[in-house]
Amino acid sequence: MKKRYHQFNNKRKIKKLTDVELQHYSELADKVSYGGNPEHKMNPGDFGLTPPSGPRPGKSLCDTVKIFSKKIALEHLQSGLRQGFISERCNGEWPQNIWSVTQKGIALEAQLENPETGIYHGYPMPESDPLAAEITKLWNSK
């Protein structure tokens with residue numbers, strides 16, 4: 001059996017925002033939504049996922065950072081937007097990725113699911129992802 005290598009998208013970069021842009025994304029945080037993805041859940045909590053949770057091998061699980069509530073997932077998403085932890089790449093008005101960090105110092109990454117409605121799904125970033133350390137360092141310096 002071939003060894004599976006984890007490769008990370010090296011095109012992901014944190015956008016440097018002007019004060020005006022930061023204000024825009026802070027306001028956008030009130031419109032963002034969290035959908036969730038069953039591949040990142042063992043316990044579906046109140047995410048209302050269909051089909052019910054079904055983690056895929058190799059996927060990071062929200063369960064490992066104890067995010068079982070859609071409300072908590074949305075709060076992390078909004079916090080990342082308000083602090084300007086977004087990717088350079090956007091789809092319409094929405095950044096492709098939004099990052100935040102849990103109170104226990106775990107970096108989270110959210111990916112845009114629907115660019116028309118601003119719905120994202122997210123997951124904990126693996127420690128082996130070099131961007132995770134960068135996100136955590138920057139987050140803790142704010």
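User: How many residues does the chain have, and what share of them count as buried?
Analyst: This is a predicted model. The chain exposes about 8,700 Å², of which carbon and sulfur atoms supply 51%. Of its 142 residues, the share that counts as buried is 40%.

User: In what order do the elements of the chain run from the N terminus on?
Analyst: The chain has 3 helices and 6 strands. Read from the N terminus on, their order is α-β-α-β-β-β-β-β-α.

User: Which strands stand at the edges of the open sheet?
Analyst: The sheet is built from 4 strands in the order β1-β6-β5-β4, with mixed pairing. An edge strand has a single partner strand, so one side of it is left without a neighbour in the sheet; this applies to β1 (33–34) and β4 (97–101).

User: Which helices pack on the sheet, and what angle does each make with β4?
Analyst: Helix α2, residues 70–82, touches β1, β4, β5 and β6, and its direction makes about 105° with that of β4. Helix α3, residues 130–141, touches β4 and β5. For α3 the angle with the direction of β4 is about 60°.

User: In what sense does β6 pair with β5, and in what sense with β1?
Analyst: Strands pair through backbone hydrogen bonds, either parallel or antiparallel. Strand β5 (residues 107–114) and strand β6 (residues 119–124) have 6 bridges between them, in the antiparallel sense. Between β1 and β6 there are 2 bridges, and the sense is parallel.

User: Which residue of β6 is the bridge partner of Ser33, and which stands opposite Asn114?
Analyst: Ser33 has its bridge partner in β6, at Ile119. Asn114 also has a residue of β6 opposite, and that residue is Ile119.

User: Which residue in the turn between β5 and β6 has a positive phi?
Analyst: The two strands form a hairpin with 4 residues between them. In that turn, a positive phi of about 70° belongs to Gly118.

User: Where is Gln96, and what is its relative accessible area?
Analyst: Gln96 sits in the loop between β3 (94–95) and β4. Among the residues it contacts, leaving aside neighbours within four places, are Ser87, Arg89, Ala110 and Tyr120. Gln96 is buried, with a relative accessible area of 13%.

User: Which elements give two or more residues to the largest nonpolar core?
Analyst: This core has 16 residues, and those touching the most other members are Val32, Leu77, Leu81, Trp94, Ile98 and Tyr120. The elements that give two or more residues are α1 (19–28), α2 and β5.

User: How many residues does the other core have?
Analyst: This core lies apart from the largest one, and its members include Ile14, Trp99, Val101 and Leu131. Its number of residues is 10.

Definitions and conventions: Residues are numbered from 1 along each chain as its sequence is written. This is a predicted model: local features need pLDDT of at least 70, side-chain atom pairs count only at pLDDT 80 or more; totals for chains, interfaces and linings use all residues. Side-chain values use heavy atoms; hydrogens and water are left out. Two strands pair if DSSP finds at least two bridges between them. Contact means heavy atoms within 4.5 Å. Axes are lines fitted to C-alpha atoms, for helices over the stretch in contact, and angles run from 0 to 180 degrees between N-to-C directions. Buried means under 20% relative accessible area, exposed over 50%, partly exposed in between (1.4 Å probe, protein chains only). Accessible areas come from the Shrake-Rupley method with a 1.4 Å probe; for residues, only the protein chains shown count as cover. A nonpolar core is a set of buried Ala, Val, Leu, Ile, Met, Phe, Trp, Tyr and Cys residues joined through side-chain atoms within 4.5 Å.
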